[in-house]
Amino acid sequence: MILKIEKYGSEKLRVPAQKVAVTPELVVLAEDMLETMYKAKGVGLAAEQVGRTEALCVIDVPLSCEDDEETKVFNSGIVQPLVMFNPEIVSFSGEQTGREGCLSLPNVGGDVTRPFEVTVQFLDIKGVPQIVTARGFLARAVCHETDHLKGIIYVDHMDEKSRDKVIKKLLKKKSK
Ligand SMILES: [Zn+2]
C-alpha cells in the first residue's frame with residue numbers, strides 16, 4: 001500500500017520515535033514503506049515521514065550512487081533493502097560533504113557534512129539483531145534516516161543562509 005508522505009512543516013516530522021518490538025503489523029508497515037519509497041524514487045524512508053512514531057526506517061541505495069570503486073566494493077556485502085527497527089549508530093568515522101535530498105522536501109537538495117563511515121545496529125525484519133558498517137552515500141542515508149527518527153531533518157544541519165535558500169526554493173515549487 002502506498003502511504004502518504006509528510007512534507008516539511010508537518011509536526012509529525014518532529015516527533016522523536018519510540019523503540020518497538022517487531023510485530024506482524026510493523027512488518028506490513030515496513031513493506032508499505034518500501035513500496036512508497038520505491039514509487040517516490042527515494043533511497044530511504046523513515047516511519048516519521050509516513051506519520052508514524054515507530055523507530056523504523058528503510059533504505060535501498062544502489063551501488064551506482066557511490067562515488068568511488070572502493071566504496072562500491074565495501075558496501076557490496078550489505079544486503080539491501082535495509083529494514084531497520086530501532087536503529088542506532090554505534091560508531092562513526094571520517095567526514096564527507098555532499099548533496100542530500102528528502103522525500104519530505106521534494107525537488108530540492110543541499111550539501112550536508114556527514115561521517116564517511118557508520119556502524120549501525122538494529123533489528124531486521126525478522127526481529128534478529130544486526131550490525132552493519134556502511135560507507136559513502138549509504139552511510140549518508142543511514143545518518144539521514146536515523147536523524148528522522150530523532151525528529152531531525154537534513155536542513156537542520158545546514159547553516160542558516162543555506163537552509164533559507166533550500167526552504168525558499170521548496171516553497172516556490174510548492175506554490176507552482
Ligand atoms: Zn528524509
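Two strands are said to pair if DSSP finds at least two bridges between them. This tour applies that idea to a predicted model.

**The whole chain.** Display the entire chain to begin. It has 4 helices and 7 strands, and from the N terminus on the elements follow the order α-β-β-α-β-β-β-β-β-α-α. The radius of gyration is 15 Å, close to the 16 Å that the globule rule gives for 176 residues, so the chain is as compact as a globular protein of that length. Along its principal axes, the C-alpha trace spans about 45 × 40 × 25 Å. Of the 176 residues, 36% count as buried.

**The sheet.** Next, select β1, β2, β3, β6 and β7. These 5 strands form an open sheet in the order β1-β2-β3-β6-β7, with antiparallel pairing. Strands of a sheet pair through backbone hydrogen bonds, either parallel or antiparallel. Because β1 and β7 each have a single partner strand, they stand at the edges, and one side of each is left without a neighbour in the sheet. On average, neighbouring strands of this sheet are turned by 35 degrees against each other, direction ignored.

**The pair β2 and β3.** Keep β2 and β3 in view. They pair in the antiparallel sense over 4 bridges. Select L56 to find F85 in β3 standing opposite.

**L123 in β6.** Move to L123, which is found in strand β6 (residues 117-123). L123 is buried, with 20 other C-beta atoms within 10 Å. Not counting residues up to four places away in sequence, L123 touches V22, F85, N86, V128 and P129. The C-alpha atoms of L123 and L56 are separated by 9.4 Å, although these residues lie 67 residues apart along the chain.

**The nonpolar cores.** Select M33, C57, V58, I59 and V142. Of the 34 residues in the largest nonpolar core, these touch the most other members. The elements that give two or more residues to this core are α1 (24-39), β1 (44-46), β2 (56-59), β3 (82-93), β6, β7 (129-135) and α3 (136-148). The largest share, 6 residues, comes from α3. Apart from this core lies another, of 6 residues, among them C102, Y154, V155 and V166.

**A last stop at V58.** Finally, centre the view on V58. Leaving aside neighbours within four places in sequence, V58 is in contact with A30, M33, L34, M37, G44, L45, P81, L82 and V83.

Technical notes. Residues are numbered from 1 along each chain as its sequence is written. This is a predicted model: local features need pLDDT of at least 70, side-chain atom pairs count only at pLDDT 80 or more; totals for chains, interfaces and linings use all residues. A residue is buried if 20 or more other C-beta atoms lie within 10 Å of its own, exposed if 12 or fewer, and partly exposed in between; C-beta atoms are placed from the backbone. Two residues are in contact if their C-beta atoms, placed from the backbone, lie within 7 Å. The radius of gyration is taken over C-alpha atoms; the globule rule is 2.2 Å times the number of residues to the power 0.38. A nonpolar core is a set of buried Ala, Val, Leu, Ile, Met, Phe, Trp, Tyr and Cys residues joined through C-beta atoms within 7 Å. Axes are lines fitted to C-alpha atoms, for helices over the stretch in contact, and angles run from 0 to 180 degrees between N-to-C directions.
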